[in-house]
Amino acid sequence: MVVPVLLLLVGFVLLIKGGDWFVDGATGIARRFHLPEILIGATVVSIGTTLPEVMVSAGAAMQGSGSIAYGNAIGSIICNTSLIAALTIAIKPGPAARKSLILPVVFFFASAAIYCFVAYVLGTFSRLIGVVLLAIFAVYMVSTVLRMKKTAASVATVQMEEQGRGTVSEAELELLSGEDHVVESKAAGSKDSLLKDIILLVVGAVLIAFGADFLVDNAIIIAQSLGVSEKVIGLTIVALGTSLPELVTAITSLAKGHGSLSLGNIIGANLFNLVLVSGAAVTISPFAVPVSGTIGGINSSLVLDIPVMFAVMVLLTVPTMIREKLSRWQGIVLLGIYAAFCALQFII
């Protein structure tokens, strides 16, 4: 018991330090290239925090258990949104620019619509569907990179035009670009090297991945030794385990005052769960929609899991885009939904 407890503590330390470096690297890159934090969160950071899900699902698919990606994707989206994002919002709600949210939100719901069509109509995720999902991922990344270049170019143009009267303030850049958290100035970005930011990002991601692995594996060993049932372990430790990178990134971002990075990370990670995690698994090993339980004789996933996934994402994104800010009531309601969802898993 002593060794698992020590490794559990090591996992926590790796997660905390990895999250610290990961966020510093991401925000450093955002500052250097004059990019909105929410876009960095929805791309670079999201890919890093989604790596555990990619590895788990791809590994399972190679062993002929591709269907594990289905529950992993939907479960992670619900956990990311109604637990991790909810905690962040409940603790410290803040502004969120509509313009920065449009692209990842549109791509998420378009991908979710395809996912639903396959689940409710076709009933089987074929290799063609996997290729389509991966293609959506590629299009999203290209679209986001082009948008980032456009944002950086517009900021540079503004600075050049305003050189006659001095440096443009951060507030002016935000108004002109329509984005949140646009970088302060070139001088601020030049303090640290780009290489250092990239190293911090990569090393941080690796520490988070290893930390999450240590934490989950040893938490399961400890729970089993205490007589906790496998179902409870699966619904709590394992389910939260693959979302630990998002949780650590969210908490670290919040503590460092980068709330937009956290929101972008959650939305981006949710999208990648559908198109990258599921897409890779389906392409490797096609599968039929799994049935883990029924409600009224119907697959519980179709009655409960997918509707809850849509509901929590609508609750997170729609009011935020309308009002251009996150509200504490969203976090509280989302946490209530997550608690009810977990409770229902024991009943079904």
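In this predicted model, the largest nonpolar core holds 59 residues, and among its members Tyr-70, Phe-125 and Leu-316 touch the most others. A nonpolar core is a set of buried Ala, Val, Leu, Ile, Met, Phe, Trp, Tyr and Cys residues joined through side-chain atoms within 4.5 Å, where buried means under 20% relative accessible area, exposed over 50% and partly exposed in between (1.4 Å probe, protein chains only). The elements that give two or more residues to this core include α3 (68-91), α5 (127-161) and α12 (300-323), and α3 supplies the largest share, 11 residues. Helices (H or I, at least four residues) are DSSP runs, as are strands (E, at least two), and both are numbered from the N terminus.

Leaving aside residues up to four places away in sequence, Phe-125 touches Tyr-70, Tyr-115, Val-118, Val-282, Pro-286, Phe-287 and Val-289, a contact being heavy atoms within 4.5 Å. Another core, of 10 residues, lies apart from the largest one and has Ile-40, Leu-201, Ala-205 and Val-248 among its members.

Over the whole protein there are 13 helices and four strands, and buried residues make up 52% of the 348 residues. Of the contacts with a separation of 6 or more, 84% join residues 24 or more positions apart. Leu-6 is found in helix α1 (residues 2-32) and is partly exposed, with a relative accessible area of 49%.

Residues are numbered from 1 along each chain as its sequence is written. Because the model is predicted, local features need pLDDT of at least 70 and side-chain atom pairs count only at pLDDT 80 or more, while totals for chains, interfaces and linings use all residues, and side-chain values use heavy atoms, with hydrogens and water left out.
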